Each structure stands twice: as structure tokens, then as C-alpha cells.
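Q: I am new to this structure and would like to learn how to read its features one at a time. Could you take me through them, giving the general idea before the particular case?

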Amino acid sequence: MVKGLQAQDGAWYYFDQATGAMAHGNAWVPEWNKWAHFDEVTGRYTGDASQPSPAPNPEPSQPDSGNNNGGVYYKNCAAVRAAGKAPLYRGQPGYRPELDRDNDGIACE
């Protein structure tokens, strides 16, 4: 299964680190440490994307403890999954080391 950032025929594509699903629309690309936009049909990288707004009805925000969590706080991985945001990658809103048990930059895998 292909995972992560891949170049093919002069274009970039991104495949989810956990499921291998091809990205379409806006996606966080850990290798680039930024949000990118991928064509809705072909999945081909089309340019940078702005950071999407937080998930609807996330757990109540907590003070930022310096983890750069984007002001989004999830009590635990069950809350991340319920919000449809799993897995979370380092740098994404809501990511914090306490949710990343193996410290590989991917929380709630």
C-alpha cells in the first residue's frame, strides 16, 4: 500500500498515512508541514491551501500549553474520532503529544 507523499508523472499526490486513501481537496501533508490542495477528481496537487476551520463541536478549548494545537482541544482519541479528525498529525489543530503514544508525529492512529 502506498502511503504519504508520492511523485508520479511530474505531479504530487498524497496518500493517508494510516489508510492509504488518496487525498482530495484540502489535506495536511506532514512531509511539507503545511496544508495543501489536491484536485477533487484526480488527487493531483494543485497548490497550497489555507488551514481549515476547527471541527464542528470540538471539545471545549483549553488554554494553549505551548503545543501549538491551533486552539483546538480534544479530551482523548475517542473525541478526535467522534469529530472525524483521526488521525491527527503533528502541527495540525488539536494535536498534542499526550495523544501520540508512540511519539511518531501521528496521534490517534
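Q: Which residues make up the largest nonpolar core?

A: In soluble globular proteins, nonpolar side chains tend to be buried together. In this predicted model, the largest nonpolar core has 12 residues in all, namely L5, Y14, A23, A27, W28, V29, W35, A36, F38, A49, Y89 and I106. The elements that contribute two or more residues to this core are β3 (25–29) and β4 (34–38). Apart from it lies another core, of 10 residues, which includes V72, Y74, V80 and Y95.

Q: What is A36 in contact with, leaving aside its neighbours within four places in sequence?

A: With those neighbours set aside, A36 is in contact with G25, N26, A27, V29, Y45, G47, D48 and A49.

Q: Is L88 buried or exposed?

A: A residue counts as buried when its relative accessible area is under 20%, and L88, at 3%, is therefore buried. L88 is found in strand β6 (residues 88–89), and, not counting residues up to four places away in sequence, L88 touches Y74, V80, P93, G94, Y95, L99, G105, I106 and A107. Of these, A107 is 19 residues from L88 in sequence, while their C-alpha atoms are 5.0 Å apart in space.

Q: Which residues does a disulfide join here?

A: A disulfide is a covalent bond between the sulfur atoms of two cysteines. Here the count comes to 1 disulfide, which joins C77 to C108 with an S to S distance of 2.1 Å. The pair links distant parts of the chain, 31 residues apart, with C77 in helix α1 (residues 77–82) and C108 in the segment after β7 (106–107). Both C77 and C108 are buried, and their link is left-handed, with -80° about the S-S bond.

Key: Residues are numbered from 1 along each chain as its sequence is written. This is a predicted model: local features need pLDDT of at least 70, side-chain atom pairs count only at pLDDT 80 or more; totals for chains, interfaces and linings use all residues. Side-chain values use heavy atoms; hydrogens and water are left out. Helices (H or I, at least four residues) and strands (E, at least two) are DSSP runs, numbered from the N terminus. Buried means under 20% relative accessible area, exposed over 50%, partly exposed in between (1.4 Å probe, protein chains only). Contact means heavy atoms within 4.5 Å. A nonpolar core is a set of buried Ala, Val, Leu, Ile, Met, Phe, Trp, Tyr and Cys residues joined through side-chain atoms within 4.5 Å. A disulfide is a pair of cysteine sulfur atoms within 2.5 Å.
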